[in-house]
Amino acid sequence: MVWIVLLAALTGLQAARAQDPLPSWNETPAKKAILQYVEAVTTPGSPDYISPPDRIATFDQDGTLVTEMPLSLEAYFMVASVK
């Protein structure tokens, strides 16, 4: 009986995650804007559609976009070591 309840709970959890691509995010205007943008640029026929070969995002080693932090962590470490 316990296994049936556990299986039902896990199935419900999986279904909830499938509906929300960012389940750990709070419901904020930023989350809504990001999801709307992704929907617009990935839906064929949308005026904002971007074809897959043209979708580019470059991430640094710490997960930030390269344009957010132009120097790598190693460069900051070397500068701090020289001081």
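Among contacts between residues at least 6 apart in sequence, what percentage join residues at least 24 apart? The figure is 0% for this protein. The model is predicted. The protein holds three helices and zero strands, and one salt-bridge network joins Asp-20, Glu-27 and Lys-31.

**Overall build**
- The elements run α-α-α from the N terminus on.
- The protein has 83 residues, and 10% of them count as buried.

**Helix H2**
- H2 covers residues 29-42 and has 14 residues.
- From first C-alpha to last, H2 reaches 20 Å. That is close to the 20 Å expected at 1.5 Å a residue.
- The buried residues of H2 are Lys-31, Ala-40 and Val-41.
- Tyr-37 also sits in H2, but its relative accessible area is 51%. Tyr-37 therefore counts as exposed, since the cut-off is over 50%.

**Asp-20 and its surroundings**
- Asp-20 lies in the loop between helix H1 (2-19) and H2.
- A polar atom of the Asp-20 side chain lies 3.1 Å from the backbone nitrogen of Leu-22.
- The Asp-20 side chain also makes a polar contact with the side chain of Lys-31, at 3.0 Å.
- Leaving out residues up to four places away in sequence, Asp-20 touches Glu-27 and Lys-31.

**Salt bridges**
- Side chains of opposite charge can pair when their charged atoms come close.
- The salt-bridge count comes to two.
- Another salt bridge joins the side chains of Glu-27 and Lys-31, at 2.9 Å from N to O. Shared partners join Asp-20, Glu-27 and Lys-31 into one network.
- Is Lys-31 buried or exposed? Lys-31 counts as buried because its relative accessibility is 1%, under the 20% cut-off.
- Glu-27 counts as exposed, at 68% relative accessibility.

**Nonpolar surface**
- Trp-25, Ile-34, Tyr-37 and Val-38 make a nonpolar surface patch.
- The patch has an area of about 390 Å².
- Tyr-37, a member of this patch, has its place in H2.

Conventions. Residues are numbered from 1 along each chain as its sequence is written. This is a predicted model: local features need pLDDT of at least 70, side-chain atom pairs count only at pLDDT 80 or more; totals for chains, interfaces and linings use all residues. Side-chain values use heavy atoms; hydrogens and water are left out. Patches are made of residues with over 30% relative accessible area and no salt bridge: like charges are joined within 9 Å, nonpolar side chains (Val, Leu, Ile, Met, Phe, Trp, Tyr) within 5 Å. Accessible areas come from the Shrake-Rupley method with a 1.4 Å probe; for residues, only the protein chains shown count as cover. A salt bridge is a side-chain nitrogen of Lys or Arg within 4 Å of a carboxyl oxygen of Asp or Glu. Helices (H or I, at least four residues) and strands (E, at least two) are DSSP runs, numbered from the N terminus. Buried means under 20% relative accessible area, exposed over 50%, partly exposed in between (1.4 Å probe, protein chains only). The expected span of a helix is 1.5 Å times one less than its number of residues. Contact means heavy atoms within 4.5 Å. A polar contact is a pair of N or O atoms within 3.5 Å; within protein, one must be able to donate a hydrogen and the other to accept it, and residues adjacent in sequence count only if both atoms are side-chain atoms.
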